Amino acid sequence: MTPTHPTKRPTDATHLGEGPDLPTELLNLPWIDIHNHAHTLSWEDRERYALAGCESMVMVASGYHWTPYKPVRAEDVRFLWDDAVNRRAAIERDHFFEANLGLGIHTGVRIENPDELLEAMADYCELEEVVAVGETGVTPAQHVEAWDVDEQRAMVQGQMELADAHDLPVLLHTPNQSGDSGRSYRSEIGVPGYEKNTELGADPVLEGDNPALEAVKLDVEAMDDAGIDDERVVASHADGNNTEYLMEDTDCYLSYTIGHSWLIGVDAADVADAIDEYGPERIMIDTDCANVLRTDPFALKRAIFELYRYGIDEDAIRTVVLENPRAVFDIA
């Protein structure tokens, strides 16, 4: 007897076999964003983090982008730190996720009297809500006024020494070059979605075939000289340009920034490739969401599903988005 169908004629579903046993636990898997600037976002954007299942985050208050004055003075960076400290508790109360802080000296623009910041940072490191030093790291591209590369490296090492003394991890800003499309926007327009005056760029302080990777190597030299354990250093903005070096020549953790893939070209597929090659034990994901960028607070939650679609198993996903951040930053 010919089987009958409730539909008028057979549909696609008639020709499908038994579907996969999908891991619905991923719907409720909590996750940690170890690098964002959520204190600069709107209330609604922070609420999106909460709705997407964010359990904890590290809000980084070291970006120079928010200081209206160039060159930047030490007191301007202190203001950024103080603003984040001031607002953190209210953010945590409003959105229910654990809000932690990362405080550091970013090197993308020359800072006047930086030693004042290092001296003050020691007291900030004693605050319970400060769970990381950074982001920081040698930066080849400079804004407004170039900061000599040797001075940058000394400032990075000084922060690493403070982190080591206070048993805190370091969040590195590793220069990323994956998003280079070979074309540039008109200089008077800049990069749509990145609200920074690109016309004020200074001459780079590192040149050569691969200045982005050379900057990371200088950071690793500073790490070695500071005496901090590799496992206490997290290289944010990991990409195809630095993954092999960091994975094979160091014991650092790598965090892939997927909150603005349109700009830097890194997405969940890159994370899946790194897990396939090296395993999940030293890999994390972050969004780097900030108010100067077109970013996506849902990016990390989406990446959880994308990793599974790319063939990464549930245990590895949990390690990357939850267990590794918990262990390194001692949060959540």
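How many helices and strands does the secondary structure of this protein come to? The count is ten helices and twelve strands, taken as DSSP runs of H or I with at least four residues for helices and E with at least two for strands, numbered from the N terminus.

Some ground rules. This is a predicted model, where local features need pLDDT of at least 70 and side-chain atom pairs count only at pLDDT 80 or more, while totals for chains, interfaces and linings use all residues. Residues are numbered from 1 along each chain as its sequence is written, and side-chain values use heavy atoms, leaving out hydrogens and water.

Of the 332 residues, 51% are buried; buried means under 20% relative accessible area, exposed over 50%, and partly exposed in between, with a 1.4 Å probe and protein chains only.

Now the salt bridges. The whole structure has 15, each a side-chain nitrogen of Lys or Arg within 4 Å of a carboxyl oxygen of Asp or Glu. One of them joins Glu-221 and Arg-153, with the closest N and O atoms 3.8 Å apart. Glu-221 sits in helix H5 (residues 211-226) and Arg-153 in helix H4 (residues 149-165), so the pair ties together parts 68 residues apart in sequence. Glu-221 is partly exposed at 41% relative accessibility, whereas Arg-153 is buried at 15%.

Glu-214 and Lys-217 also meet in a salt bridge, at 4.0 Å from N to O. They are three residues apart in helix H5, about one helical turn.

In helix H9 (residues 299-309), Glu-306 and Arg-309 are likewise three residues apart, and their salt bridge has its closest N and O atoms 2.8 Å apart. Arg-309 is exposed, at 61%.
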